[in-house]
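The following note sets out points for a colleague who is examining the coordinates. It takes up selected local features in turn.

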Amino acid sequence: MDWFFSIVGVVLVVTVVRDVFHTLFHPVGSGSIAPLVMRGVWRTLRLFPPRRRIASLTGPLGVAAVILTWFLGSVIGWTLIYVAQMPGGFSYGSELDPAGRNEFIDSLYLSMVTVATLGFGDVVPTSPWLRAVVPLEALFGFMLVTAAVSWVLQIYPALHRRRVLALQLSTLEQARRSCDRRIESVPTDVLTSLVSLIVESRNDFTQYGATYYFRDLETDASLASSLGYASDIAREAGDSADDKMRLAGAMLAAAVDHLAGLLAREFLRLDEADDTASIVRAYAVDHGFGAEQP
């Protein structure tokens, strides 16, 4: 059975390494473990009322759960590799009696100490290949801490950009309602700047899929609540008599369509062939703004 434990351990470690790479370093963030964990936390916290403050913790708790899953997966994987070599492949300190030890507990202890780069030295490898493998776990543990911190630092700028887009849409909507102005009164530069922000948000959703699961309770700061207005003004601009306004409206409509297609495919599990309006409504409902949609 020793070979079986070793193979399972290697597979588990490789799976975690692959997921960390694809989630943090791959251009399209195509991890497998991270999305499952994020969706699990998302569905669990959706059991609470959407306006409760705990609902806004879905994203942070999901990220913490993903990082914890990576650590636990790597610790268990290395534990299974070590337990197959216990006790013959290791040397115990003078205060420890190898005959009276629990092999699994010792392997788990060694794995946790090594991945945390503590290196107490009371259990050390003696087999030549283990002396090469154990430092690799310490290196992996250091890499995982660094990668987790980098991930968090990448996520929050993306969230900031998304909130800026939502606030711009909300501000434009409020301003037009208060002034009761037609779309021709809006400078085309405003629409083209919205296009840039929507394209950037789509790229953020592609590269940092975890950002989808960060829920904003404030209506004005939530893209899920505000995105429908982008479709409205794109449609209105498309009916304008002004050529530049029609072009800006077409660009805005295309940007919203592409973002809606990504949301439908990657997060909402909808058919991309669905019309943009229904996808945008589903996005709003998924983030707890369904009752506020017209």
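This is a predicted model: local features need pLDDT of at least 70, side-chain atom pairs count only at pLDDT 80 or more; totals for chains, interfaces and linings use all residues.

1. Val28 is located in the loop that runs between α1 (2–24) and α2 (33–45). Once neighbours within four places in sequence are set aside, Val28 is in contact with Thr206 and Gln207. Its C-alpha atom is separated by 8.6 Å from that of Asn203, although Val28 and Asn203 are 175 residues apart along the chain.

2. A nonpolar patch. Trp3, Phe4, Phe5, Ile7, Val8 and Val11 form a nonpolar patch on the surface. Together these residues have about 570 Å² of accessible area. Trp3, one of the members, is placed in helix α1. Trp3 counts as exposed because its relative accessibility is 61%, and the class requires over 50%.

3. Helix α4. This helix covers residues 103–115, 13 residues in all, and spans 18 Å from its first C-alpha to its last. That span is close to the 18 Å expected at 1.5 Å a residue. At the start of α4, Asn102 places a side-chain oxygen within 3.1 Å of the backbone nitrogen of Phe104. After the helix comes Thr117, with a positive phi near 55°.

4. Packing of α4. The buried residues of this helix are Asp106, Ser107, Leu110, Ser111, Val113, Thr114 and Val115.

5. Asp216 and Arg162. Side chains of opposite charge can pair when their charged atoms come close. Across the whole structure, the search finds 10 salt bridges. Asp216 forms one of them with Arg162, and the closest N and O atoms are 3.6 Å apart. Asp216 lies in the loop between α6 (188–207) and α7 (223–238), whereas Arg162 belongs to helix α5, so the pair ties together parts that are 54 residues apart in sequence. Both Asp216 and Arg162 are buried.

6. Asp216 and Arg163. Asp216 also meets the side chain of Arg163 in a salt bridge, at 2.7 Å from N to O. This pair links distant parts of the chain, with Asp216 in the loop between α6 and α7 and Arg163 in helix α5, 53 residues apart. Asp216 is classed as buried because its relative accessible area is 9%. Arg163 is partly exposed, because the corresponding value is 28%.

7. Asp243 and Arg246 form a salt bridge in which the closest N and O atoms are 2.4 Å apart. Both residues lie in helix α8 (residues 243–268), three residues apart, which is about one turn of the helix. Asp243 counts as exposed because its relative accessibility is 54%. Arg246 is partly exposed, because its relative accessible area is 32%.

8. A salt-bridge network. Which residues are linked in a network of salt bridges? They are Arg161, Glu200 and Asp204.

How values were computed: Residues are numbered from 1 along each chain as its sequence is written. Side-chain values use heavy atoms; hydrogens and water are left out. Helices (H or I, at least four residues) and strands (E, at least two) are DSSP runs, numbered from the N terminus. The expected span of a helix is 1.5 Å times one less than its number of residues. Buried means under 20% relative accessible area, exposed over 50%, partly exposed in between (1.4 Å probe, protein chains only). A polar contact is a pair of N or O atoms within 3.5 Å; within protein, one must be able to donate a hydrogen and the other to accept it, and residues adjacent in sequence count only if both atoms are side-chain atoms. Contact means heavy atoms within 4.5 Å. Patches are made of residues with over 30% relative accessible area and no salt bridge: like charges are joined within 9 Å, nonpolar side chains (Val, Leu, Ile, Met, Phe, Trp, Tyr) within 5 Å. Accessible areas come from the Shrake-Rupley method with a 1.4 Å probe; for residues, only the protein chains shown count as cover. A salt bridge is a side-chain nitrogen of Lys or Arg within 4 Å of a carboxyl oxygen of Asp or Glu.
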